[in-house]
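Colleague: I am new to reading protein models. Could you walk me through a few features?

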Amino acid sequence: MNLAGQNLWFSQAELIERGQNPQIVDAADIPSEQLDRLTRPRAAIAGLDMAQPQIMGILNATPDSFSDGGLHNSVEAALTAAVNMVAHGASILDIGGESTRPGADFVPEDEEIARTRPLIHAIRAEIDALISIDTRKVGVAKAAHAAGAGLINDVSGFTFDPQLAPFCAQIGTPVCVMHMQGDPATMQDDPQYDDVLLDVYDFLEGQIAHLEGLGLSRELIVVDPGIGFGKNTDHNLTLLRNLSLFHGLGCPILLGVSRKGIIGQVGKEPRKDARAPGSIAVALAGLSQGVQIVRVHDVAETAQALRLWAAVR
């Protein structure tokens, strides 16, 4: 069987149920609705082919993001970075105006708009790439959409602002639903799960159903398991080993692990800006499980690795 319309194939699958040992089943024995979700080619997201890996470049207009905070505070610096990312292989630019690193403080809506709207205007005037707004607030999303953003990426999975999901459904824009336990200020304070894999899956499935109930098509929804957002190292590794499970949701999968704490911990690299090798290794591992979008800081290096990975395959 073909996995999500990609050049990946499977003949068996692992059946996972709470309180039960995993079972291996033949693809022919998978219920038809679930098999359809696993095999159906994903619809293009804002014109981007989900049968091909896509690179999302991270561009934070913040003073305090964990890795690149303060580097793109001016529109000129951020626009230069955006041009370079697209030139080196990014098809999506993810613009953020509020840091979501562990322990980060809340940013008022008007300040977040002031950081992101001018940058989106400038990018839209110069670059033909999909712009994503990384926000959990409806006012920021509205301003970004009006300025030219074509994807709403909510790290809270549409749980923070009750008006954001209805707005996205009203305008019919693509969205990314991420899982986060807690909020950035507290999410790493001893996170706990009954079963991290199934807890994250069930949350994403519930939020997809919520968005569909508002009228947003599943074909416009991307899912992100939220590596590093309210998870310890064991939680993160469990999710990374089992990313293929999330194809059962019938949506493209976004993997964002670039330069995060798990890269430093497992890779033994305390310097955030020196974590490109580990970040690329995990990105390629995700792509091997059929992840469609990788969210990265080091676009040129990731694109080079991806080209070699694809050529060897």
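Modeller: We will take some helices, then some single residues. Keep in mind that this is a predicted model.

Colleague: Let us begin with α6. How many residues does α6 have, and what does it reach from its first C-alpha to its last?

Modeller: Helix α6 covers residues 196-213, which is 18 residues. From first C-alpha to last, α6 reaches 26 Å. That is close to the 26 Å expected at 1.5 Å a residue.

Colleague: Which residues of α6 are buried?

Modeller: Buried means under 20% relative accessible area. In α6 the buried residues are V196, L197, L198, D199, V200, Y201, L204, Q207, I208 and L211.

Colleague: What do the buried residues of α6 pack against?

Modeller: Their partners are helices and strands. The helices are α1 (32-39), α5 (164-171) and α7 (233-241). The strands are β7 (175-178) and β8 (221-224).

Colleague: What comes just after α6?

Modeller: Look at G215. This glycine takes a positive phi of about 110°.

Colleague: Now for pairs of helices. How are two packed helices described?

Modeller: Two packed helices are described by an angle and a distance, both taken between their axes.

Colleague: Is the crossing of α6 and α7 left-handed or right-handed?

Modeller: α6 passes α7 in a right-handed crossing.

Colleague: Which residues of α6 and α7 meet?

Modeller: From α6 come V196, L197 and V200. From α7 come H235, T238 and L239. By class, this contact of α6 with α7 has four nonpolar, two polar and no charged residues.

Colleague: And α4 with α5: at what angle do they pack?

Modeller: Helix α4 spans residues 138-147. It packs with α5 at an angle of about 25°, and the axes are 9 Å apart. Angles under 35 degrees count as roughly parallel, so α4 and α5 are roughly parallel to each other. α4 passes α5 in a right-handed crossing.

Colleague: Which residues of α4 and α5 meet?

Modeller: V138, A141, K142 and H145 belong to α4. They meet L164, F167 and I171 of α5. By class, the contact of α4 with α5 has five nonpolar, one polar and one charged residues.

Colleague: Why is α4 called largely enclosed by the rest of the structure?

Modeller: Count its buried residues. Seven of the 10 residues of α4 are buried, so α4 is largely enclosed by the rest of the structure. The seven are V138, G139, V140, A141, A143, A144 and A147. What covers them includes α3 (109-126), β5 (130-134), β6 and α5. Just after α4, G148 takes a positive phi of about 130°.

Colleague: Next, single residues. Where does G157 lie, and is it buried or exposed?

Modeller: G157 sits in the loop between β6 (151-154) and α5. Its relative accessibility is 0%, so G157 counts as buried. Next, look beyond its neighbours in sequence. Setting aside residues up to four places away, G157 touches V177, M178, F203 and Q207.

Colleague: How far apart are G157 and L204 in sequence and in space?

Modeller: In sequence, G157 and L204 are 47 residues apart. In space, they are 7.7 Å apart, C-alpha to C-alpha.

Colleague: Which phi does A4 have?

Modeller: A4 is not a glycine, yet its phi is positive, about 55°. A4 is found in the segment before β1 (12-15). At 1% relative accessibility, A4 counts as buried.

Colleague: What about A46?

Modeller: A46 is not a glycine either, and has a positive phi of about 50°. A46 lies in the loop between α1 and β3 (54-60). Its relative accessibility is 44%, so A46 counts as partly exposed.

Colleague: Last, R40. Where is R40 found, and what is it in contact with?

Modeller: R40 is found in the loop between α1 and β3. At 28% relative accessibility, R40 counts as partly exposed. Leaving aside neighbours within four places in sequence, R40 is in contact with A4, G5 and G250. R40 and H247 are 207 residues apart along the chain, while their C-alpha atoms are separated by 9.8 Å.

Key:
Residues are numbered from 1 along each chain as its sequence is written. This is a predicted model: local features need pLDDT of at least 70, side-chain atom pairs count only at pLDDT 80 or more; totals for chains, interfaces and linings use all residues. Side-chain values use heavy atoms; hydrogens and water are left out. Helices (H or I, at least four residues) and strands (E, at least two) are DSSP runs, numbered from the N terminus. The expected span of a helix is 1.5 Å times one less than its number of residues. Buried means under 20% relative accessible area, exposed over 50%, partly exposed in between (1.4 Å probe, protein chains only). Contact means heavy atoms within 4.5 Å. Axes are lines fitted to C-alpha atoms, for helices over the stretch in contact, and angles run from 0 to 180 degrees between N-to-C directions. Angles under 35 degrees count as roughly parallel, over 145 as roughly antiparallel, 65 to 115 as roughly perpendicular and the rest as oblique. A crossing is left-handed if the near helix is turned anticlockwise from the far one by less than a right angle, and right-handed if clockwise. Ala, Val, Leu, Ile, Met, Phe, Trp, Tyr, Cys and Pro count as nonpolar, Asp, Glu, Lys and Arg as charged, and the others, Gly among them, as polar.
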